[in-house]
Amino acid sequence: MRFDQELIASMVAPNSRVLDIGCGDGSLIGHLSQEKGCDAQGLELDMKAVTQSVAHGLPVMHGDADAMLADYPDDTFDYVVLQRTLQAVEHPRDVLRHMLRIGRSALVSFPNFGHWRLRWHLLRTGRMPMTSVWPTPWYETANIHPCTIYDFFALCEEDGYEVCRWMVVNGNRQSRLAGCSPHLANLFGEQGLFLLRRRTR
């Protein structure tokens, strides 16, 4: 698994019901099922990845998060995971709303478009940056809604989500310095990882 997936797995309680949206090859749900006894399933848009996952015995369904999450009943899962997919869905706000309707908690990771290297590249060249986190040119990318860590904190506040825990991932390590404050995270964090819950009234 990728390092950010290891961090996500560490925040999932054993024997939980988990839906992983944009699960790719199913590495995370396979780990959660085998190592933590979870009832984990995946939803993936890429049919090739779905076929690969199913061939390995993983319960992955082909589907679009924008269209399919509305069909799930309330509180179906303990955790709903959205890993590196928030910026690629058509309606991210609606997807988050459904995640916290069908799940008691949501785990969301996304690349941070506010990172200083991206800012510097735009300032220096005037062109959209390409990095290991943003690896495709603008005319081919699936990332239609890039956001910053500041943006995500603001959305959580606007929509009434409790940020229970958050951290910053840079490459294959967790950044302690950038995780000290949202300001440092927004400037120095390559990826944000958030554990959210609905606020109790």
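Which residue in β4 is the bridge partner of Leu19? It is Val80, and that bridge makes a handy way into this predicted model.

## The sheet

Strands of a sheet pair through backbone hydrogen bonds, either parallel or antiparallel. Here the pairing is mixed, in an open sheet of eight strands with the order β3-β2-β1-β4-β5-β8-β6-β7. The edge strands are β3 (60-62) and β7, each of which pairs on one side only.

Let's follow the strand order to β7. Strand β6 (residues 161-170) pairs with strand β8 (residues 191-198) in the antiparallel sense, over eight bridges. In this pairing, Trp166 has Phe194 of β8 as its bridge partner.

β6 also pairs with strand β7 (residues 173-174), again in the antiparallel sense, this time over two bridges. Val169 finds its bridge partner in Gln174 of β7. The two strands form a hairpin with two residues between them, and Gly171 in the turn has a positive phi of about 65°.

## Aromatic contacts

A pair of aromatic rings is described by the distance of the centres and the angle of the planes. The model has nine aromatic pairs. In one of them, the rings of Trp166 and Phe194 have centres 6.4 Å apart and planes at 20°, under the 30 degrees cut-off, so this pair counts as stacked. Because Trp166 lies in strand β6 and Phe194 in strand β8, the pair ties together parts that are 28 residues apart in sequence.

Are the two partners buried or exposed? Phe194 has 0% relative accessibility and so counts as buried, while Trp166, at 22%, counts as partly exposed. The cut-off for buried is under 20% relative accessible area. Both residues also take part in a cluster, where ring pairs link Phe110, Phe152, Phe153, Trp166 and Phe194.

## A nonpolar patch on the surface

Now to the outside of the model. Trp116, Trp120, Leu123 and Phe188 form a nonpolar patch on the surface, and together they have about 450 Å² of accessible area. Helix α6 (residues 116-125) supplies the largest share of this patch, with three residues.

Key
Residues are numbered from 1 along each chain as its sequence is written. This is a predicted model: local features need pLDDT of at least 70, side-chain atom pairs count only at pLDDT 80 or more; totals for chains, interfaces and linings use all residues. Side-chain values use heavy atoms; hydrogens and water are left out. Two strands pair if DSSP finds at least two bridges between them. Helices (H or I, at least four residues) and strands (E, at least two) are DSSP runs, numbered from the N terminus. Patches are made of residues with over 30% relative accessible area and no salt bridge: like charges are joined within 9 Å, nonpolar side chains (Val, Leu, Ile, Met, Phe, Trp, Tyr) within 5 Å. Accessible areas come from the Shrake-Rupley method with a 1.4 Å probe; for residues, only the protein chains shown count as cover. A salt bridge is a side-chain nitrogen of Lys or Arg within 4 Å of a carboxyl oxygen of Asp or Glu. Rings of Phe, Tyr and Trp (its six-membered ring) pair if their centres lie within 6.5 Å; planes under 30 degrees apart count as stacked, over 60 as edge-to-face and the rest as tilted. Buried means under 20% relative accessible area, exposed over 50%, partly exposed in between (1.4 Å probe, protein chains only).
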